[in-house]
Amino acid sequence: MNATTAATPGALDAPSALVDTHCPYCSLQCGMRLRPAGETVEIVERPDFPVNQGALCGKGHSAAAVLAPGVRLTAPLVRDFDGGFREATWEEALDRAAAAFVSARVRYGRDAVGVFGGGGLTNEKAYLLGKFARVALRTAHIDYNGRFCMSSAAAAHRGAFGLDRGLPFPLADVARTGCVILVGSNLADTMPPAVRYLREMQAGGGKLIVVDPRRTRTADLADLHLAPAPGTDLALALGLLHLVIAGGHVDEEFVSSRTSGYEAARAAAMAHWPERVEAITGVPVAQLRRTVELFVGAGTGMVLTARGPEQQSKGVDTVGAWINLCLATGRAGRPLSGYGCLTGQGNGQGGREHGQKADQLPGYRSITDPAARAHVAGVWGVDPADLPGPGVSAYELLDALGTDGGVRALLLMGSNPVVSAPNARHVTERIRALDALVVCDVVLSETAALADVVLPSAQWAEETGTMTNLEGRVILRQAALSPPAEVRSDLWILHELAARLGWEKGFPYDAEEVFTELRAASAGGQADYSGISYERIRAEEGVFWPCPAAQGGPGGDPGPAAQGGSGSGAALQGRGELRDQPRRTRTTTTPHPGTPRLFLDRFATPDGLARFADVSHRPAAEEPDADYPLYLTTGRVLAQYQSGAQTRRTPALNSAAPGPFVELHPRLASRLGVDEGELLAVTSRRGRATAPARVTTAIRPDTVFMPFHWAGEGRANSLTNPALDPQSRMPEFKVCAVKVEKAS
């Protein structure tokens, strides 16, 4: 396909054929089937896919609505002389975009051109976007919105275990464990099909403990609900470890043989006695003791975290403290036990593995590692010395847009930071200060509306590519339709832009060809996909990484990062059956089976030992005071997703959740003289938002909650604090100080 020809929209082949694919939304990547129906598709259940077994939430059921011509972008747009948009040919739009990148590079230097990616991009797109930044643009400035989601958990995971994969076990194992502590996740709203694993666990006698400042629909399912003040999860985890130690519940043999750093973690925990923790968190001592009783009383257990403890300026330390609880009790690196992160975005896992992070190269390699640079440069056919070094994190990149030393021309793909970034009013001002903004998206988002060039992208039902779900399962989306005549794939767009920048070769736009190159680039890295192919994914309902290609001769061992997966001694099979299994000898004719379960033999650290984190509680970057006396926390609602760019354009979802609101406790409402539905103004040191009151006892009296899916006057991220975690550079979305009053 070239810039002037495209396939006619509609079914690719037989119109009645069912195409196996996956939902375009969250990290479950639920399986579904598509039946082409003119310019759109009918969504059909796919009961054989193991993650959701046919179940879909409302977002999945209604995903086809965004394919409608009146909803999506259907032609390139360029900013005209009068300041408005007009439709343009692909040649004009691409030429203008490339010229803007060249102009910024000539005038200000290579790092004046930047790239901002998204956690919903396929692995192929994320990989090629990183290559485009580092080879075609030669800029250090690339990061993505996944920095705002899982980066703290990723850093803590690597610090403790030497490797970051959201869940080191399949979701099916959750249903067979004895106790789950779910921290800062409203799973019933954010990924409803996953709730069945919790229900199955409880039906088998397991216990569910939910940690959340709000009594959410997920907390309603819990055997025990802890409601700490926002920003105090670190103290809570330390207090629980204190009680484990004081009660004699430490698994001394596991700690001695499979961990390091325990003494420092023990000393920190002993400084967080129960009464001190109650004073910090508001969680009663009796509930702390009951939590430990349930967790250590079960033979197996898991701690699962989400954005609640992670989106804090101490998110890495907080997750590290929850991992410490698992390590001290021997609930890691063993069947049906461990720590896991519930990744949020559709490809939040794969998106952080293959090169669109500021400090990363494909295969989860470090961009500062000479061997990693040499390997990837060899695959790309460039000199390692020509690859730029690490850039800055997502918020730091956005914060410096249009400034001296900052990015002046930005390529943005699959993200909407005008709504989703912290301190969003400031970020919007910085985006407006750019010399040039080029946006690739499926709809005219609030960020795309500020662009100089808008390039319409093909959607999930119109293109093929891989995603990696929260389990580390690499799955395959498959096209059921051709896109509209003037819509192109993101891979094709990168190919054409690279050609205009002097790279006629090296940027293929066939997804499987890109994946073949990704496999080679990832080979030998922690996230090794070299043994995965489209054919295997189709045949096996996904393949878990690491999955190296078969090595010459007998063996082909995946190395310490992968040991303990399928084929290891005492491997967990299927839905949780434990059976001894001899270690297999692989030859070049026997493919690696993939790695559903990590760490059963050893951890991925150089010495094979898990590492305790030496952490202590500290306050949030901004605590309530006389001027701003309340906590604000933010999150999602059932019928919307992320910045709402797609779900707010879906009638069924928008009618269920038509706008923002401020959730507050009746005692606070009474003090303010506020009734249900009355318009409130919420103000922080960064901005103001207005939305109707929703009065409920499901929230703490000292806290208000706002969902973050909307732009305009109800934009919650006008309020949030961009204070960054020193390790992950995660902004503190989940806690800031605000005042609330009736809107004038």
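What follows is a chat about a predicted model.

User: Hi! What should I know about the model before we start?
Analyst: Hello! It is predicted, so local features need pLDDT of at least 70 and side-chain atom pairs count only at pLDDT 80 or more, while totals for chains, interfaces and linings use all residues. Residues are numbered from 1 along each chain as its sequence is written, and side-chain values use heavy atoms, with hydrogens and water left out.

User: Great. In what order do the strands of the open sheet run?
Analyst: The order is β6-β5-β19-β18-β17-β7-β8, 7 strands with mixed pairing. Strands here are DSSP runs of E with at least two residues, helices are runs of H or I with at least four, and both are numbered from the N terminus. Two strands pair if DSSP finds at least two bridges between them.

User: And which strands stand at the edges?
Analyst: β6 (85–87) and β8 (142–144); each has a single partner strand, so one side of each is left without a neighbour in the sheet. On average, neighbouring strands are turned by 15 degrees against each other, direction ignored.

User: In what sense do β17 and β18 pair?
Analyst: Parallel, over 5 bridges, with β17 covering residues 409–413 and β18 covering 436–441.

User: Which strands does α18 touch?
Analyst: Helix α18 (residues 490–500) touches β17, β18 and β19, and its direction makes about 155 degrees with that of β17. Axes are lines fitted to C-alpha atoms, for helices over the stretch in contact, and angles run from 0 to 180 degrees between N-to-C directions. Contact means heavy atoms within 4.5 Å.

User: How many residues of α18 are buried?
Analyst: 10 of the 11, so α18 is largely enclosed by the rest of the structure. Buried means under 20% relative accessible area, with exposed over 50% and partly exposed in between (1.4 Å probe, protein chains only). Among the buried ones are Asp-490, Trp-492, His-495 and Glu-496. The buried residues of α18 pack against α2, α3, β17, β18, β19 and α19 (511–522).

User: What about Lys-125, buried or exposed?
Analyst: Lys-125 is buried, with a relative accessible area of 7%. This lysine lies in helix α3 (residues 123–137). Not counting residues up to four places away in sequence, Lys-125 touches Ala-458, Glu-463, Asp-490, Leu-491 and Leu-494.

User: New topic: how many disulfides are there?
Analyst: A search of the whole structure finds 0, where a disulfide is a pair of cysteine sulfur atoms within 2.5 Å. For Cys-341, the nearest cysteine sulfur is that of Cys-149, 9.4 Å away. Cys-341 is buried, at a relative accessible area of 1%, and Cys-547 is buried at 0%.

User: At what angle do α7 and α9 pack?
Analyst: Helix α7 (residues 233–246) and helix α9 (residues 262–270) pack at about 105 degrees, with their axes 8 Å apart. That makes α7 roughly perpendicular to α9; angles under 35 degrees count as roughly parallel, over 145 as roughly antiparallel, 65 to 115 as roughly perpendicular and the rest as oblique.

User: Which residues make that contact?
Analyst: From α7 come Leu-238, Leu-241, His-242 and Ile-245, and from α9 come Tyr-262, Ala-265, Arg-266, Ala-269 and Met-270.

User: Last one: how many residues sit between β32 and β33?
Analyst: This hairpin has 6 residues between its strands, and Arg-729 in the turn has a positive phi of about 65 degrees. β32 and β33 (residues 731–732) pair in the antiparallel sense over 2 bridges.
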